[in-house]
Amino acid sequence: MPEDEGKENQPVEDQEEEAVEAPLEETTETVSTEPEAEEETHGAQAPEETLLLPRDTLLSAGIHIGTRMKTLDMEPFIYRVRPDGLFVLDVKKTDDRIRATGKFLSRYEPARVAVAATRLYAHEPVKKFCQLTGATPLIGRFIPGQLSNPQYSSRIDPEIILVCDPRADAQAVKEASKVGIPIVALCSTDNEFAGVDLVIPTNNKGRRALAVVFWLLARQVLRERGELGADRDPPATIEDFEAKVTREDDEEG
């Protein structure tokens, strides 16, 4: 991992397959439904023109909406708590981390970047991201040994991995830590950082939020590589990145 990229936290040895639950300040259940846009402007944040997309676009996608649980790890990224108990993330910090991650990922050979997506709503965004950037998708259930077992016929050997949720993708985090490759993770307010090297604070459960985040990541990676002009967008739209699910899939997810 490049020297200028500091770890958010040190990997935890012998991490169990399921992510360790971090201390929570609220005990009510998480909310993963699509949120409505916030009406207020985050006063402490930078002007809209400094963001990768207009603030209204980011808010309407709900990338700032967390859960009713908060870990100590995520506390620095939380802007406030709403009256209904949902924690709200700082949009500017999300924007900053997307920029940093795009620059970081662009340093690697495209095929040596792996992206794990266990959650249903992350499947299509990850697929489109990998199509545009040349990264290797690991969609659906992560097969044990896919990174760490040299005897496994479908084993891959990436130099870095991006996971959509450290808890849902706990096996990928565990094996990436074991083989010693950097881990980038999308983290909501209920995630903890064990084993994670670089965090993107965002809603990692919402369908539209995931589409926007991965579209922005793809655009930043391509721009940093010089494959896309600084004022140009990818050929695929945010709608192309959004998961298309049936009613049965929606109920299952």
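Which helix holds T94? In this predicted model, T94 is found in helix α2, which covers residues 91-105. T94 has a relative accessibility of 1%, so it counts as buried. Look beyond its neighbours within four places in sequence, and T94 is in contact with I63, P201 and T202.

Now turn to a pair of helices. Helix α3 spans residues 120-133, and helix α5 spans residues 207-225. They pack at an angle of about 15°, and their axes are 9 Å apart. Angles under 35 degrees count as roughly parallel, so α3 is roughly parallel to α5. The crossing of α3 past α5 is right-handed.

Which residues meet there? From α3 come Y121, A122, P125, V126, F129, L132 and T133. From α5 come R207, L210, A211, F214, L217, A218, V221, L222 and R225. By class, the residues of this contact are 13 nonpolar, one polar and two charged.

Last, the cysteines. How many disulfides does the model contain? The count is zero. C130 is in no disulfide, and the nearest cysteine sulfur to its own belongs to C164, 9.2 Å away.

Note on methods. Residues are numbered from 1 along each chain as its sequence is written. This is a predicted model: local features need pLDDT of at least 70, side-chain atom pairs count only at pLDDT 80 or more; totals for chains, interfaces and linings use all residues. Side-chain values use heavy atoms; hydrogens and water are left out. Helices (H or I, at least four residues) and strands (E, at least two) are DSSP runs, numbered from the N terminus. Buried means under 20% relative accessible area, exposed over 50%, partly exposed in between (1.4 Å probe, protein chains only). Contact means heavy atoms within 4.5 Å. Axes are lines fitted to C-alpha atoms, for helices over the stretch in contact, and angles run from 0 to 180 degrees between N-to-C directions. Angles under 35 degrees count as roughly parallel, over 145 as roughly antiparallel, 65 to 115 as roughly perpendicular and the rest as oblique. A crossing is left-handed if the near helix is turned anticlockwise from the far one by less than a right angle, and right-handed if clockwise. Ala, Val, Leu, Ile, Met, Phe, Trp, Tyr, Cys and Pro count as nonpolar, Asp, Glu, Lys and Arg as charged, and the others, Gly among them, as polar. A disulfide is a pair of cysteine sulfur atoms within 2.5 Å.
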